[in-house]
Amino acid sequence: MSTTATTAQTLDPPPDSWVAPGASDGFATAGLITLLLLLFLVIYLYAVFDRYAEHKGSRTPIRTTIPTMLVIGLAYDLVPPLRDVSLLLPLTLIFAAFAYDVVLWMKPEPAADETLQEEETAAAENISPANGTPPAKEQPIAEQSVADLQTPVEGIGASA
C-alpha cells in the first residue's frame, strides 16, 4: 500500500477554480451572465439619463456636446485600454459635437409653441395639419335586413 498518492493528494489539492476537461463551469457561466447584465444595466441607465438630459437641455447652447463628453467618459471607464489611444479621437468627437451645436444655434428649430398653434388652427378649421386637406367624412353603414343576411347561397355544397 502506497502512502505517497494519498499524501500528495492531501498536500496539493486541486484549486476550487479547476474544472475537468470536457466539463462545464457553472460558476464562470453565472459570472459571465452577471457581468453582461451589469454592463447592460449601466448602458441602459446611461441611455435613460441621456434621454432625460436631452429633454431638459433642449434649449441649452451645447445640447449635444455634453452628452458626447459623457459617452466618451463612459467609454473610457468601461474600456480601460482606450487610455492608450491618442487623445485626438475624443477631442475630434467633442469638436464635431460642438460644431453641430453651433450650427443648431445659428439655425434654431421651430419652437414647440409654433407647432402647437398650427395644430390648433388646423383643428379649428377641420383640416389635417400634415397635408392641409380636410378629413374624409364617415359614411353611414347601409342597413340590411336580417332576411338579406340569412339567405342561403345556392349551388354551394354537395347535393344529397
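Leu93 lies in helix H4 of a chain whose structure is a predicted model. Leu93 counts as partly exposed because its relative accessible area is 42%, which falls between the limits of 20% for buried and 50% for exposed. When residues up to four places away in sequence are set aside, Leu93 touches Thr68 and Ile72. Leu93 also stands 8.8 Å from Thr65, C-alpha to C-alpha, although 28 residues separate the two in sequence.

**The chain as a whole**

The protein chain contains six helices and zero strands, and its pattern along the sequence reads α-α-α-α-α-α. Of its 160 residues, 7% are buried. Among contacts with a separation of 6 or more, 50% are between residues 24 or more positions apart.

**Helix H4**

Helix H4 covers residues 88-106. Its 19 residues reach 26 Å from the first C-alpha to the last, close to the 27 Å expected at 1.5 Å a residue. Pro90, Ala97, Asp101 and Leu104 are the buried residues of H4. Viewed down the helix axis, these buried residues fall within an arc of 60°, so they line one face of H4. In general, an α-helix has 3.6 residues a turn, so residues three or four places apart point the same way. The face turned away from the buried side of H4 carries the exposed residues Leu88, Leu91, Phe95 and Met106. The cover over the buried residues of H4 includes H3.

Phe98 is a further residue of H4. With a relative accessibility of 42%, Phe98 is classed as partly exposed. Beyond its neighbours within four places in sequence, Phe98 is in contact with Ile62 and Thr65.

**Helix H3**

Helix H3 spans residues 65-78.

The table lists pairs of residues with their separation in sequence and their C-alpha to C-alpha distance.

| Pair | Separation in sequence | C-alpha to C-alpha distance |
|---|---|---|
| Leu93 and Thr65 | 28 residues | 8.8 Å |
| Phe98 and Pro61 | 37 residues | 9.3 Å |
| Gly73 and Pro90 | 17 residues | 9.3 Å |

**Packing of H2 with H3**

Two packed helices are described by the angle between their axes and the distance between the axes. For helix H2 (residues 26-56) and helix H3, the axes come within 11 Å and cross at roughly 170°. H2 is therefore roughly antiparallel to H3, since angles over 145 degrees are placed in that class. The residues of this contact divide into nine nonpolar, no polar and one charged. On the H2 side they are Leu39, Val42, Tyr46, Phe49 and Asp50, which meet Pro67, Leu70, Val71, Leu74 and Leu78 of H3. Asp50 is the charged member, because Asp counts as charged.

Notes: Residues are numbered from 1 along each chain as its sequence is written. This is a predicted model: local features need pLDDT of at least 70, side-chain atom pairs count only at pLDDT 80 or more; totals for chains, interfaces and linings use all residues. Side-chain values use heavy atoms; hydrogens and water are left out. Axes are lines fitted to C-alpha atoms, for helices over the stretch in contact, and angles run from 0 to 180 degrees between N-to-C directions. Helices (H or I, at least four residues) and strands (E, at least two) are DSSP runs, numbered from the N terminus. Angles under 35 degrees count as roughly parallel, over 145 as roughly antiparallel, 65 to 115 as roughly perpendicular and the rest as oblique. Contact means heavy atoms within 4.5 Å. Buried means under 20% relative accessible area, exposed over 50%, partly exposed in between (1.4 Å probe, protein chains only). The expected span of a helix is 1.5 Å times one less than its number of residues. The arc is that of the directions from the helix axis to the C-beta atoms.
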